[in-house]
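Hello,

Here is the structure I promised to pass on.

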2 protein chains.
Amino acid sequence: MIKKPEALCKKLGLRFNNPQLFTMALTHRSASSSNNERLEFLGDSILGFVIAQKLYDIFPEASEGVLSRLRASLVNQGSLAELARKHQLGDYLLLGSGELKSGGFRRESILSDALEAIMGALYKDQGIEACQQWIERLFSEKLKSLSLDNWQKDPKTQLQELMQSKKLDLPEYTLITMSGLAHEQMFKVKCAIPLIEEACVGTGVSRKRAEQSAAELMLELLNKDSQ
Amino acid sequence: MIKKPEALCKKLGLRFNNPQLFTMALTHRSASSSNNERLEFLGDSILGFVIAQKLYDIFPEASEGVLSRLRASLVNQGSLAELARKHQLGDYLLLGSGELKSGGFRRESILSDALEAIMGALYKDQGIEACQQWIERLFSEKLKSLSLDNWQKDPKTQLQELMQSKKLDLPEYTLITMSGLAHEQMFKVKCAIPLIEEACVGTGVSRKRAEQSAAELMLELLNKDSQ
């Protein structure tokens, strides 16, 4: 049996002026044409902004690359579904009969989309500040447990440590090309690891920079694959 | 000669409480370690949110897919660089000597990043509402000229018209697999076009849906390539 939206609303510490918005956020497209897809589009963009500004403030020393990686570690389907499950969001979803039968209430994408849709609904109901506060509360534990230790390390070190932790051979860097005159040389370096077939090519004004850039791309690739 | 930031600030209709933030937004990483990369990270997320909420309001009938495509058409390196050029932003950039020599002030990525960094700086200086208003003003013409006509068309129609406009053969759709029992069948369809080697595979509960999904993926691919 599907539980009443009001109970979830209360559990999330929310109170909607327009409860229909909240119900819409819980409505999967399999259940109705008036569903949560548009609200999810909105919520996704709000979440990106709220976490970005929070990270910007918490880590004044972190580079843009580190901030991006930190955000990707917080905002992804897996972590959103985890937060959704923590509040038993699946029990409140409005799903079509097909999705109900196939266990859609447990599916990560459906849970994560609904949570983002709630953010969108809250924004429409109460504006950006209320929404911001709620998202920051929702993510407070995750934000507290973040530490720069793992992220401040340069990409080559991170990638090397990752390979070591998996007892794999270390990454290999190969210079592909070097171009340009002395004062504006560009280096292209390929990074290959035993874990995947794909290689990543980084560029930079020095060989070292190009290697770091290739390692960074490889970390992003591995990060995407694991999501 | 690099022009003074104050002049650009005025031209953009802005007034900073902390002008150093504005100067930082114009500082490319080639010029200083105190550069615009962090502000760009912040600005990018704000821009995504501001345009998302605006499109959500302007087009109450548009689906999530249409909203996403509309946003991608507004927020991309090319369109941001165009806005930056409109305000001669390149004349005010602080670039390292290498970038200066190689014409970095004309490079789309540098222009687009600096514009996003200004958004981040404005947010830090004056909060989200002021920033939102300015971004909406900046994009007002582009927003006004948007029409759903092109976006409401289903993906297959859009792709077909695109091919016709380029005088190319029409897309080809091939059924790859059909699986599941009668009431929960899944179709996989491949879409191929003469323009690129890659093919896109869409899935859906009907052959028609799978074709639309494949066409949509193809449009996204072409869109990415053209950016």
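How many residues of chain A are in contact with chain B? The count is 20 residues of chain A against 20 of chain B, where contact means that the C-beta atoms, placed from the backbone, lie within 7 Å.

Before going on, a word on conventions. This is a predicted model, in which local features need pLDDT of at least 70 and side-chain atom pairs count only at pLDDT 80 or more, while totals for chains, interfaces and linings use all residues. Residues are numbered from 1 along each chain as its sequence is written, and chains are lettered from A and ligands numbered from 1 in the order in which they are written.

**Where the chains meet**

On the side of chain A that touches chain B, the elements giving two or more residues are helix H3 (37-58) and helix H4 (64-74) of chain A. Helices here are DSSP runs (H or I, at least four residues), numbered from the N terminus. H3(A) has the largest share, with 12 residues. By class, this side of chain A holds eight nonpolar, seven polar and five charged residues; Ala, Val, Leu, Ile, Met, Phe, Trp, Tyr, Cys and Pro count as nonpolar, Asp, Glu, Lys and Arg as charged, and the others, Gly among them, as polar.

A:Glu64, A:Leu67 and A:Ser68 of H4(A) meet B:Glu37, B:Arg38, B:Glu40 and B:Phe41 of H3(B). That contact divides into two nonpolar, one polar and four charged residues.

**How the copies are related**

The same surface serves both, as 95% of the contact residues of chain A recur in chain B.

**Within one chain**

Chain A is assigned domain 1 (5-148) and domain 2 (153-225), with bounds from an automatic or database domain assignment. Their C-alpha centres lie 34 Å apart.

Best wishes

Definitions and conventions: Contact = placed C-beta atoms within 7 Å.
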